[in-house]
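Please read it alongside the sequence and structure shown here.

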Amino acid sequence: MGKYFNEAIETASREELTKIQNERLVNTVKRVYENVAPYRKKMEEAGLTPDDIKSIDDLHKLPFVTKSDLRDAYPDGMLAAPKSECVRIHSTSGTTGRRVVAFYTQSDIDDWDECCARALVMAGGTKEDVVHVAYGYGLFTGGAGLHGGSHKLGSLTLPMSSGNTDRQLQFMKDLEATILCCTPSYAAYLAESAIERGDINNLKLKSGIFGAEAWSEEMRQDIESKLGIKAYDIYGLTEISGPGVASECECQDGLHVNEDFFIPEIIDPETEEVLPDGEQGELVFTCINKKAFPLLRYRTRDITTLTHEKCKCGRTLARIERLKGRTDDMLVIKGVNVFPSQVEEVLINQGMTPNYQLVVDRINNSDTLEVKVEMTPEMFSDRIGAIEQKEKQIVSALKSMLGIYAKVSLVSPKSIVRSEGKAVRVIDNRKI
C-alpha cells in the first residue's frame, strides 16, 4: 500500500482540491435546498438561493447549523435522500437532550471507510496488520468507522468493542494485534492492566489510533512509553460521519482533514467571524459529498487552529491542531476558562497517572475546583508528609497553568472509576 492510501487526493495541489470542493459544494447546496426544509428556511431567511453559492469563496454566506438544529429536526427532518436509499443510522448519546440521528447511504459508508483507511495507513497500517478495534459498536460511530477502514485496507479486523478487559488482552496477545483503536483513556487502562498481568512484553502492538475525547501530549507520551507504540490522534463526530474526518500522520504535526469530503473553517465563537490560518477558534465543517445527511457549516464546538501548509509527510490536505477542548465542555471557574486537558498536562508532568477527576462546586457564591488524582502504587506507600508535599507541588503547578487555586486530593490507586468509553473527567455540582 505504501505511504498513502489515496496518493492522488492526499498529495493533490491546492488548485486540484479547490476544483473538487467547488463542484461538490455547489451540488450539495442545491440538493439540500431542494430536499431539506430546515436548510431551505435558513437560506430563505438569509436571502440566499443555491445560485448565490458558486464556489467555496461563497461558503461564508451560508448560515451555520448547530446541534440544537439537529435535535429540533429529530428524527429525520434533516434527511436529504429518500429513506429507502439509506442503509444505516448512527446516533449521539443524547445525554444533554434529544439524540441526533445521522443517516448513511451506501455511498456515504464507502466514503467513510475510505477516510478511516487513510487514517490507518497514516498510522503505518497495511493489509498485513491485525487491527484491534476496542471502540464501542452499535449506535456509536467509533467501532463501525475503524472496522470499515480496516476492511477497506484489507487488514485482519478484531471487532472487540469496548469492555471485558481480560478478553481484550487475551485476543490482543493471542492474535498478535499490531494496531489498537480505542479512546485514549481506555488505552491507558489497557496498558495499566497489561503491566499488572505481566503481559505487556507479550504484545505485538506497533501503533494506536485514539480519539473520541480530548487528550494531552503528555498523555500520548505516557501511553506510548507503556505500550511501546506510536500513538496517533483521530478526529470525527457522529453528525459529520464519525472518526476519520481528520487524522495524524507520522509527523504528528496536526490532523489531516479529508478535504475532498469535508471543508474546515475556524470561526470566532462569539462574533462568528471566519478566522485566518493559525488563529485559535471554533471548528466548523461542511460536508460536500454526503448523500443522506450533509451538514453545511456545522458548528462543532471544538477549539483548534487550521493550516493549509504542506506537511513534511508530503500530504497537502489542510491540518487542524490537536483539540484544545470544547466551547461547551470548557469550564469557566471564577471567570477563567479551564480545559481538562490543561489539568492533565500538569498532572502527567508531575509524574502522576492519567486517572483523575475534576470536581467543580459553588460555595458561598464562589466557584471551587478540586482535582482528584490517583497515586501510583509507589506513592501510596509513602509517608503522609511526602503525599502532602506532592499535593502542594501540584497545587502550585496548577496555579501556574490555570491562574486560579485548585484543591488537590491524592487518592488511592484504582479508586476513580475506570471507563471503557469516554472518561468522565468532570463533575460540575454548581447550580448555574
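A disulfide is counted where a pair of cysteine sulfur atoms lies within 2.5 Å. The model described here is predicted, and a search of the whole of it finds zero disulfides.

**Cysteines**

- Cys86 has its closest cysteine sulfur in Cys287, and at 14 Å the two sulfurs are too far apart for a bond.
- Cys86 counts as buried because its relative accessibility is 16%, and the cut-off for buried is under 20%.
- For Cys287, the closest cysteine sulfur is in Cys115, at 10 Å, which is again too far for a bond.
- Cys287 is buried, with a relative accessible area of 0%.

**The nine-stranded sheet**

- Nine strands make up an open sheet with mixed pairing, in the order S4-S3-S5-S6-S7-S8-S9-S14-S13.
- S4 and strand S13 (306–307) stand at the edges; each has a single partner strand, so one side of each has no neighbour in the sheet.
- Strand S7 (residues 230–237) pairs with S8 in the antiparallel sense over four bridges.
- These two strands, S7 and S8, form a hairpin with four residues between them, and Leu237 has Gly242 in S8 as its bridge partner.
- S8 also pairs with S9 in the antiparallel sense, over three bridges.
- S8 is mostly covered, as seven of its seven residues are buried.

**Helices against the sheet**

- H8 lies across S5 and S6, and runs at about 125 degrees to S5.
- Helix H9 (residues 217–227) has as its buried residues Glu218, Met219, Arg220, Asp222, Ile223, Glu224 and Leu227.
- The packing partners of the buried residues of H9 are strand S5 (179–182), helix H8 (184–197), strand S6 (207–210), S7, S8 and helix H10 (340–349).
- After H9 comes Gly228, with a positive phi near 65 degrees.

**Nonpolar cores**

- The largest nonpolar core has 47 residues, and those touching the most other members are Met78, Tyr235, Ile240, Phe262 and Leu295.
- Leaving out residues up to four places away in sequence, Phe262 touches Gln21, Cys115, Ile240, Ser241, Val245, Val257, Phe285, Thr286, Cys287 and Ile288.

- Is Gln168 buried or exposed? Gln168 is buried, with a relative accessible area of 0%.
- Gln168 sits in helix H7 (residues 165–174).
- With residues up to four places away in sequence left out, the contacts of Gln168 are His132, Ala134, Met160, Ser161, Ser162, Gly163, Tyr186 and Leu190.
- Asn364 is exposed, because its relative accessible area is 73% and the cut-off for exposed is over 50%.
- The loop that holds Asn364 runs between strand S18 (356–363) and strand S19 (366–374).
- Asn364 and His60 are 304 residues apart along the chain, and their C-alpha atoms are separated by 45 Å.

**Backbone geometry**

- Most residues other than glycine have a negative phi, and most peptide bonds are trans.
- Ser161, which is not a glycine, has a positive phi of about 65 degrees.
- Ser161 is located in the loop between strand S4 (156–159) and H7, and is one of the residues touched by Gln168.
- Gln252 also has a positive phi, near 50 degrees, in a residue other than glycine.
- The position of Gln252 is the loop between strand S8 (242–248) and strand S9 (255–257), in the turn of a hairpin with six residues between its strands.
- Gln252 is partly exposed, with a relative accessible area of 22%.
- Which peptide bond is cis, with omega near 0 degrees? The cis bond is the one from Tyr74 to Pro75.
- Pro75 is placed in the loop between helix H4 (67–72) and strand S1 (86–91).

Conventions
Residues are numbered from 1 along each chain as its sequence is written. This is a predicted model: local features need pLDDT of at least 70, side-chain atom pairs count only at pLDDT 80 or more; totals for chains, interfaces and linings use all residues. Side-chain values use heavy atoms; hydrogens and water are left out. A nonpolar core is a set of buried Ala, Val, Leu, Ile, Met, Phe, Trp, Tyr and Cys residues joined through side-chain atoms within 4.5 Å. Buried means under 20% relative accessible area, exposed over 50%, partly exposed in between (1.4 Å probe, protein chains only). Contact means heavy atoms within 4.5 Å. Two strands pair if DSSP finds at least two bridges between them. Axes are lines fitted to C-alpha atoms, for helices over the stretch in contact, and angles run from 0 to 180 degrees between N-to-C directions.
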